[in-house]
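This report concerns the sequence and structure shown below, and it is written for a reader who has both at hand.

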Amino acid sequence: MRMELDFLLHSLIPSLNSVTILATFFAYLGFVGSLIPGKVVPGVVLSDGTRLHYRCNGLASLLLLVLLLGIGSWMNFISPTVIADNGLELLSTTFIFSFLVTLVLYVAGHKSCHQSSSLKPHATGNLIHDWWFGIQLNPQFLGVDLKFFFVRVGMMGWLLINLSFLAKSIEDANLSRSMVLYQLFCAIYVLDYFFYEEYMTSTWDMIAERLGFMLVFGDLVWIPFTFSIQAEEILVSSLQLKDCEHIFSEEEDTPEEEKGWWLLHNQVELTTASVVANCLVFFFGYKVFRGANKQKHIFKKNPKAPIWGEPPKVIGGKLLASGYWGIARHCNYLGDLLLALSFSLPCGISSPVPYFYPIYLLILLIWRERRDEARCARKYKEVWAEYCKLVPWRILPYVY
C-alpha cells in the first residue's frame with residue numbers, strides 16, 4: 001500500500017516533459033488561433049454599449065492539430081499515448097498553471113483602471129469571493145480574450161485525452177465496444193461544439209461570469225481531466241495491471257489474484273439492445289441541447305426569425321417563450337444532462353466512478369440555474385414573473 005501511495009505521489013510531480021507538452025499546446029492554440037481565418041462573430045452588447053468580437057476558427061485549429069499529431073505519430077516523432085502515459089503529471093502541471101493564472105488575474109484585476117464593461121474591476125473586498133469568481137469580465141492577454149481561449153483549451157484537451165486513451169487501448173489490445181461508443185459520442189460532441197463555436201459567445205459564461213479560479217480551473221483542469229474519466233475507467237484494467245506489475249516487481253510471492261483483480265475490474269460487455277438505448281439517449285440529448293442553444297442564439301440575432309415554422313412568442317419584447325424555451329426555462333440543461341449520461345452509460349453500472357460527470361453536472365446546472373433565475377428576476381422584474389407563469393418548469397417538464 002505504501003509503495004502504491006509513493007508511486008501515485010511520484011506520478012503527480014510535474015516534469016519537464018509535462019511542462020513541455022502543456023506549453024506547446026498553449027503556444028499552438030495561441031499562434032494558430034490568431035493565424036487561421038475564421039468567422040468573426042460579435043458578442044452580446046455589454047452594459048456600456050460595446051461588444052467584443054470573436055474569431056471562431058476552433059474547428060479548423062482542432063482538425064489541424066489532430067492531423068499534425070497523427071503525422072507526428074506516424075513518423076515516430078511523438079507517441080499517441082503520451083497523454084495517457086503522463087496523465088497524472090499533466091493533471092498536476094495544469095492545476096499549478098491554473099493557480100498561477102488566477103493569481104495574475106487577481107492582481108491585474110485589482111490594478112486595472114479600465115472603465116469598459118469587459119475590463120472594469122468588480123472587487124467586493126472579499127478575498128475568497130474575488131479569487132473564486134474573478135474581478136474582470138473579459139480579461140485579455142496579447143489581444144486574446146482569455147475566457148474564450150480557455151474554454152477552447154478545455155474542450156480540445158478533453159478530446160486529445162480521449163484519443164490518447166483510445167490509442168492506449170488499441171496498443172494494449174483492449175479495445176472494447178464500450179470504448180468505441182464512448183469515443184464516438186465524445187468526438188461528435190466536441191466537433192459539434194467547435195462547428196457551432198459562435199453559439200458560445202451568447203452563453204451564460206461569456207456574458208455574465210467573470211474570469212476567476214472557478215472558470216480557469218473549470219476550463220483547464222475540470223473539463224478535460226474529469227470529463228474523460230469514463231475512458232479512464234474503461235481502460236483501468238490494463239493500466240492498473242501495468243502499474244501493479246511495476247510496483248510489485250520486487251515481490252516474488254505476489255498472489256496472481258491480486259494482480260488479476262485489476263484486469264477483471266469493470267469489464268463491460270454491452271448488448272446490442274444496450275448500445276441502441278445508449279444511442280437514443282445521446283441523440284435525444286443532442287437534439288434538445290443543440291436545438292435549444294441554436295434557437296436562443298438565432299433569437300438574439302433576429303428576434304423575428306420563425307421557430308418550428310411559426311413566429312416566435314416573446315414576453316415583454318425580451319424573453320423567448322417558443323420552441324424549447326416554451327417547454328422549460330432552461331431546456332438546454334436537460335439536453336446537456338442527457339448527453340453527460342450517455343457518456344457514462346457505456347461503462348455499465350458496476351461502478352459509480354464513471355457517473356461522476358453527470359452527477360456533478362446535475363449539481364452544477366441546478367446551482368447555475370438558481371443563480372441565473374435570480375439574475376433574470378432582478379434584470380427583467382415583472383417580465384420575468386410573467387415568463388415564469390407561462391413556462392413554470394425550470395429544466396425537466398412536470399418534474400422540476
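## Annotated transmembrane spans

The model is predicted, and the annotation comes from a UniProt record, an unreviewed entry, in which "transmembrane region" is assigned to residues 12-38, 58-78, 90-109, 149-167, 179-196 and 270-289.

Residues 90-109 are 100% helix and 0% strand, with their end C-alpha atoms 28 Å apart, while residues 179-196 are 94% helix and 0% strand, with a distance of 26 Å between the end C-alpha atoms.

## Nonpolar cores

The largest nonpolar core contains 73 residues, and Phe150, Met155, Trp158 and Phe343 are those with the most contacts inside it. Helix H7, residues 146-171, supplies the largest share of this core, namely 13 residues.

When neighbours within four places in sequence are left aside, Phe343 is in contact with Trp158, Tyr182, Phe185, Cys186, Tyr189, Gln230, Phe282 and Tyr357.

## A nonpolar surface patch

On the surface, a nonpolar patch is formed by Leu64, Leu67, Leu68, Leu69, Ile71, Trp74, Met75, Phe77 and Ile78, which together have about 910 Å² of accessible area.

One of these residues, Ile71, lies in helix H3, which runs over residues 58-74. Ile71 has a relative accessible area of 38% and is therefore partly exposed, since that class lies between the cut-offs of 20% for buried and 50% for exposed residues.

Methods: Residues are numbered from 1 along each chain as its sequence is written. This is a predicted model: local features need pLDDT of at least 70, side-chain atom pairs count only at pLDDT 80 or more; totals for chains, interfaces and linings use all residues. Side-chain values use heavy atoms; hydrogens and water are left out. Patches are made of residues with over 30% relative accessible area and no salt bridge: like charges are joined within 9 Å, nonpolar side chains (Val, Leu, Ile, Met, Phe, Trp, Tyr) within 5 Å. Accessible areas come from the Shrake-Rupley method with a 1.4 Å probe; for residues, only the protein chains shown count as cover. A salt bridge is a side-chain nitrogen of Lys or Arg within 4 Å of a carboxyl oxygen of Asp or Glu. Helices (H or I, at least four residues) and strands (E, at least two) are DSSP runs, numbered from the N terminus. Buried means under 20% relative accessible area, exposed over 50%, partly exposed in between (1.4 Å probe, protein chains only). A nonpolar core is a set of buried Ala, Val, Leu, Ile, Met, Phe, Trp, Tyr and Cys residues joined through side-chain atoms within 4.5 Å. Contact means heavy atoms within 4.5 Å. UniProt positions are given in the numbering used here, feature names are shortened, and annotations may be inferred rather than shown by experiment.
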